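This report concerns the sheet of one model and the helices beside it. The sequence and structure are shown first.

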Amino acid sequence: MVFKIALLQLLPETSLEEQFKIGKAACEEAKNMGADIALFPEMWSNGYSIPQDEAVINDLSISSDSDFMQGFRNLAAELQMAIAVTFLEKHNPKPLNSVILFDRNGKQRLHYSKVHTCDFDLEKMLSSGEDFYVADLDIGRGTVKVGSMICFDREFPESARILMLKGAEVVLAPNACPMEINRLAALRTRAYENMFAIATCNYPVGQPDCNGHSTVFDGVAWLHDEPGVRDMCIFEAPGEEGVYLAEIDLDMLREYRAGEVMGNKYRHPEKYRILIAND
């Protein structure tokens, strides 16, 4: 089974209405390209704008059942395509950096809020999410186990490890930062050590502090019937704005996971107590 992911590497506008209009058109393009799922960059509802004024940022935040989110829920059902929508979520005491995954019938399958917020920078205005989640996503031809981590989450091996332990096959990673060699290396490593695919969607060149280069790493480091190793990066977008389609061979990934040694097979969790003993 091939899982087709559309990465919506889009430039934002200045209003919620414009964001929905642009996002809707991109999802329709993704459907025409044959996508099973469309993934937005980080905090699409306001183009990753994080005012440092409490009243202003609270005014920008929206609820998970807002018209904006319900519009994408309805669009997913209309297009018969899953959509992962990112937004600044209304929350007390501070907003959340969140993603909701609607399946092809418009049902909510995953609601994740960024755990590792960038508290050293603008995201000190945000609350942190509580946990990592994995959900079964029916794409019509079968089911995919999908999880999510957002941008800075990738720098923490624990994020990916928890998703692996919960069974994730594909991790959706909305993003809003420059994708350079070191951040790309972190994504490659998370995919390698957990034997899952990671699809990252970034903002394009033209968005401050972003450069495009959305990627998909499929998590398969080598194949027994091929010499040497293979490049797990099966797709990397250019810097320009666009809707980009990547295809993950889930049958190949599942066969690889069944026979290889990474993931949970040779871990010694009883020896990792220091990881939870020290905050």
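The sections below treat the basis of the model, the sheet and the helices in turn.

## Basis

The model is predicted, with local features requiring pLDDT of at least 70 and side-chain atom pairs counted only at pLDDT 80 or more, while totals for chains, interfaces and linings use all residues. Residues are numbered from 1 along each chain as its sequence is written, and side-chain values use heavy atoms, without hydrogens and water.

## The sheet

An open sheet of mixed pairing is formed by 6 strands in the order S6-S7-S8-S9-S10-S11. Strands (E, at least two residues) and helices (H or I, at least four) are DSSP runs numbered from the N terminus; strands pair if DSSP finds at least two bridges between them. Because S6 (134–138) and S11 (233–236) are edge strands with a single partner strand each, one side of each lacks a neighbour in the sheet. From one strand to the next, the twist averages 20°.

Strand S10 (residues 215–217) runs antiparallel to S11 and is joined to S11 by 3 bridges. Phe-217 lies opposite Cys-233 of S11.

## The helices

Helix H5 (residues 181–194) packs on the sheet and touches S9 (197–201), S10 and S11, contact meaning heavy atoms within 4.5 Å. The direction of H5 makes about 30° with that of S10; angles run from 0 to 180 degrees between N-to-C directions, and axes are lines fitted to C-alpha atoms, for helices over the stretch in contact.

The axes of H4 (residues 157–165) and H5 come within 10 Å and cross at roughly 35°. Pro-157, Ala-160, Arg-161 and Met-164 of H4 meet Arg-190, Glu-193 and Asn-194 of H5.
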